[in-house]
Amino acid sequence: MQNKFLIEAFQTPDAVSQTLLPYFSRLSKDPYVDSDVRFRSYARFAIDTEGEIMRLPHKAFMQSSDVNRVVGDVERHFAPMDDGMVTLPEFAHLLRSFTAATGLEHTGGEVDVHQIRVTCSAQDTSAPAPEGIHQDGFRFVGIFCVQRQNIAGGFTQIFTSPVEQHPHLNTVLEPNQFVIIDDQRYYHHISETLSSESGQEGVRDVFVFTA
Ligand SMILES: [Fe+2]
């Protein structure tokens, strides 16, 4: 099967995160977590077999409780992603990188994109992945880092089983770094974050792509 065991990591031009960063300060709070540390938006796209990408109508997002034990089987209504941002060439670059690495540019398919900001303080950790070591319930998952500001922790970890002690990959995604994995083969987790400077808020901004 094509792309079985896919783990691909690469770097985009610096302009990508610089251009997309301002759109993270306009995000709405994620209403499905108790704390005030998570902000997000959501968009859906269709790719045809020629590789053309088109935005799909907004709708509620739902994951099965088989993969998400925190908010599985809950219809989540996230704010739609900024119309202006999704038409930028830098955003298109990310979508095209994801569809190229996964082969979707030839097979066609749908891509969901989540724009997520997680903030933290020096006293309280924040959990970018409250569900722990998990799969997203898709074929492929991509994580692209836009910003890490005053962050300790927040390791991107990839496991071959949900009970494994040692990650197959344990890395810090820096701005403009993109990692794409086979979500049916691997499990992933983002470790907790803490502000690295007392009194300063820590911020981690990412796009998550699933297909
Ligand atoms: Fe995930």
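How many of the 6 residues of strand β11 (residues 177-182) are buried? The count is 5 of the 6, so strand β11 is largely enclosed by the rest of the structure; a residue is called buried if 20 or more other C-beta atoms lie within 10 Å of its own, exposed if 12 or fewer, and partly exposed in between, with C-beta atoms placed from the backbone. The model is predicted, and local features need pLDDT of at least 70, while side-chain atom pairs count only at pLDDT 80 or more and totals for chains, interfaces and linings use all residues. Residues are numbered from 1 along each chain as its sequence is written.

**The protein as a whole**

- The protein contains 4 helices and 14 strands, where helices (H or I, at least four residues) and strands (E, at least two) are DSSP runs numbered from the N terminus.
- Its radius of gyration, taken over C-alpha atoms, is 16 Å, close to the 17 Å that the globule rule gives for 211 residues, so the protein is as compact as a globular protein of that length; the globule rule is 2.2 Å times the number of residues to the power 0.38.
- The C-alpha trace spans about 50 × 40 × 35 Å along its principal axes, and 36% of the 211 residues count as buried.
- Among contacts between residues at least 6 apart in sequence, 79% join residues at least 24 apart, a contact being two residues whose C-beta atoms, placed from the backbone, lie within 7 Å.

**Strand β11 and its partners**

- Strand β1 (residues 7-11) pairs with β11 in the antiparallel sense over 5 bridges, where pairing requires that DSSP finds at least two bridges between two strands, and in this pairing glutamine 11 stands opposite glutamine 177.
- Strand β7 (residues 140-149) also pairs with β11 in the antiparallel sense, over 5 bridges, and here phenylalanine 144 stands opposite phenylalanine 178.

**The β3–β4 hairpin**

- Strand β3 (residues 38-47) and strand β4 (residues 53-56) run antiparallel and are joined by 4 bridges, with arginine 44 standing opposite leucine 56.
- The two strands form a hairpin with 5 residues between them, and glycine 51 in the turn has a positive phi of about 90°.

**Threonine 107**

- Threonine 107 lies in helix α4 (residues 104-107) and counts as partly exposed because it has 13 C-beta neighbours inside 10 Å.
- Although threonine 107 and glutamate 50 are 57 residues apart in sequence, they are 8.5 Å apart in space, C-alpha to C-alpha.
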